[in-house]
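The entries below follow the order in which I looked things up.

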2 protein chains.
Amino acid sequence: MCKRLYFCIQIEKMKRITINDIAKNLGVTASTVSRALAGNTRVSLRTRELVLAKSKELGYQQNVLASSLRKGTSGTIGMIVPRINRHFFSNVISGVEEILNPTGYTLLITQSGENLAKEQKAVDMLLANHVGGIIISLSVQTQSYEHIQRAIDRGVPLVQFDRINPDIKSSKVINDNFTGAYLATKHLIKSGYKEIGHFTGTLSLNAYGERYRGYAKAMSESGLKINESFVYKDTITREAGYNAIVNALKEENKPDAVFCAGDYAALGVLDGLKEMGIKVPDEFGVVGFANEPFSELIHPTLTTVEQNAFEMGVRVATAMIKNMEGKYDQEIETISTRLIVRDSSWRG
Amino acid sequence: MCKRLYFCIQIEKMKRITINDIAKNLGVTASTVSRALAGNTRVSLRTRELVLAKSKELGYQQNVLASSLRKGTSGTIGMIVPRINRHFFSNVISGVEEILNPTGYTLLITQSGENLAKEQKAVDMLLANHVGGIIISLSVQTQSYEHIQRAIDRGVPLVQFDRINPDIKSSKVINDNFTGAYLATKHLIKSGYKEIGHFTGTLSLNAYGERYRGYAKAMSESGLKINESFVYKDTITREAGYNAIVNALKEENKPDAVFCAGDYAALGVLDGLKEMGIKVPDEFGVVGFANEPFSELIHPTLTTVEQNAFEMGVRVATAMIKNMEGKYDQEIETISTRLIVRDSSWRG
DNA sequence: TTGAAAGCGCTAACAT
DNA sequence: ATGTTAGCGCTTTCAA
């Protein structure tokens, strides 16, 4: 009872140590303490040491809010991703943190949930929090860009990655989707498939558009014609992949392989093929994109394109820091992709 | 060239609209504007409408930093998880956001990477950012708790979840690990296995300790003796699971089934069994824990225990809000778990 | 090398 | 219903 009461009182009077406390304690002014703590300014070595010792003794902890308010900019960087639980995005985040953490910047992560309204709110929230920069990968829904422009107009450095809008003036980091798709399709061709279809997402999104281009290039280069009825758009989920393959194989002209712009769709394709008793890779070839963790665990293991997510995060963070240092950079950086051949496609 | 220069100048003179701008514009004081914007205080309807209109017109956006500094508390809640890319944790995060977003609180997410030092730094960073509360799931490494205590001593509401320390005074939300493990083991017994082993993590961590207890209870209840040489600790990764099963089956006394405290270990076990040509579930039964997405995709599909991660997030956020409203609550909430029977264990 | 003073933008007593 | 005033904790000129 008594203990409990004491505990409550403690909470009430809880006061954080400020630079003023340190200053009073040491008989100097807050300015001096501030300078000493900041390190680089002109303070006598003795004073600096005294301040450092005292601040440790009292358990001082900077009030980042006050500092940011005064300096007009916070050491926080906002990051908006469609979904945090996608392997690709969580690994990009890790890459970003790898670079940012040692610099003292703080990452504020939010999900748009592939939803434009949530994405807009997220941007505003970040701006209200005075983030020093915004890292974003657009939601599939995003077709209007005022919220992005709002950030840029505020002078907040912006870095787009993966799902980008090329028309927005900002740093951009993307995967080499074209080459990845090109290699994937080439591989199917080399493996002897002739009627190669493509299941993809929204072609207006850069990532999917490029994958389509890579697919088309490989086809035409090998003298194969694309049968447009083998190209399914908005087919990136497992269900959609399943439906698409069931559908495609009902037609008179059937594909004998399909390159999916995502592993989940490829998974659905494999579901459908298994159900229909079609042997993979003997009778049908499948390639995915993303190298989701499950792709090497399923049966047959899935040939797919590896995106170097962590590396992308590192580049994104580096670009952000450059931007914040005023080195505005509009260049597009491209991260290489790599084909991983597994059982679902190779009948060498 | 010219365009570029203009752009730079724009950035320099970029000035955010403050309540003072609105006030001047309207011929009232900042206090009035502040009150009007805050909504509930006593301001004439007319003034309020004027303020709202003007602020919209000028594109006003609150400076959260200033507000938080003044109010002494920010609308930000910090969350520390071991790894963001674990299915369980990212779903808890989604659950937390589900509750928090509509309330206007902002989530600051950080990863400890299962590393004590990073976890400590994360806590300090959150405190420096004056978060209104901290949500944490401890790293496996965490054996010292001063950093947690530091937060509590500062009067910052704390909610622990999943990987908790029961001795720390805070709200806690955990899975019903005991029942999950109990049901899993019971199921193996019912399926006819007799020599049931258990691969687990650090037993000092609540989650693993409880799973062991559930396993032990089911065994003793059925009159089966636990063979301690079938219990492997620190076995939660795929590699560890593989090594453990290879090892276990070299001994004279072999288990004929194993309940793993995690799906990754179970995956490793299946790897090992496949390699050794042991048939699952005919000759050997395997059950995991967590219902990772891959568990239903592998062959054979893995029997496992589902944790309701999203629901847990919802409860965690609710507890946090209660705490921040001063309703300090030390109760432990338990989220139910559920056995999902698949092919790796059932030979009914 | 240090101090004095002003102010970042907002809120909340207290007054009117 | 609105204005006045002070100050959250920090940084940063300007002066000494």
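Predicted model: local features only at pLDDT ≥ 70, side-chain atom pairs only at ≥ 80, totals over all residues.

I then looked at chain A. A:Val280 and A:Pro281 are also joined by a cis peptide bond, with omega about 10°. A:Pro281 lies in the loop between helix H12 (263–275) and strand S9 (285–287) of chain A. For background, most peptide bonds are trans, and most residues other than glycine have a negative phi.

I went on to positive phi values. A:Asp162, which is not a glycine, has phi near 55°. I found A:Asp162 in the loop between strands S4 (158–161) and S5 (171–175) of chain A. Is A:Asp162 buried or exposed? A:Asp162 is buried, because 25 other C-beta atoms lie within 10 Å and the cut-off for buried is 20 or more.

In chain B I noted B:Asp234, again with a positive phi, near 50°. B:Asp234 is in the loop between strand S7 (231–232) and helix H11 (238–248) of chain B. B:Asp234 has 14 C-beta neighbours inside 10 Å and so counts as partly exposed.

I also looked up B:Thr73, in the loop between helix H5 (64–71) and strand S1 (76–81) of chain B. B:Thr73 is partly exposed, because 17 other C-beta atoms lie within 10 Å. Leaving out residues up to four places away in sequence, I listed B:Ser68, B:His130 and B:Gly132 as its contacts. From B:Thr73 to B:Leu205, 132 residues along the chain, the C-alpha separation is 32 Å.

Next I took the domains. Chain A is divided into domain 1 (2–58), domain 2 (68–175 + 309–335) and domain 3 (177–308). I read 62 Å between the centres of domain 1 and domain 3 of chain A, over C-alpha atoms.

One helix pair in chain A went into the notes. Helix H9 (residues 177–190) and helix H10 (residues 206–221) of chain A pack at about 40°, with axes 7 Å apart. The crossing of H9(A) and H10(A) is right-handed. I recorded the contact residues, including A:Phe178 and A:Tyr182 of H9(A) and A:Arg211 and A:Tyr215 of H10(A). By class the residues of this contact are eight nonpolar, five polar and five charged.

I turned to the contact between the chains. How many residues does each chain give? Chain A gives 35 residues and chain B gives 35 residues. On the side of chain A, helix H5 (64–71), helix H6 (87–103), strand S2 (106–111) and helix H7 (116–128) each supply at least two residues. That side has 17 nonpolar, 15 polar and three charged residues.

Around DNA strand D I found 27 residues, the closest being A:Thr18, A:Ser31, A:Ala66, B:Ser44 and B:Arg70. H3(A) gives the largest share of that surface, six residues. The surface near DNA strand D has nine nonpolar, twelve polar and six charged residues.

Around DNA strand C there are 25 residues, the closest being A:Ser44, A:Arg70, B:Thr18, B:Ser31 and B:Ala66. Here the largest share, five residues, comes from H5(B). I logged eight nonpolar, twelve polar and five charged residues for the surface near DNA strand C.

Notes
Residues numbered from 1 in each chain as written. Chains lettered and ligands numbered in written order. Domains from an automatic or database assignment. Contact = placed C-beta atoms within 7 Å. Helix = DSSP H or I, 4+ residues; strand = E, 2+ residues; numbered from the N terminus. Nonpolar A, V, L, I, M, F, W, Y, C, P; charged D, E, K, R; others polar. Axes fitted to C-alpha atoms, helices over the stretch in contact; angles between N-to-C directions. Left-handed = near helix turned anticlockwise from the far one by under 90°. Buried ≥ 20, exposed ≤ 12 C-beta atoms within 10 Å, placed from the backbone. Near = placed C-beta within 6 Å.
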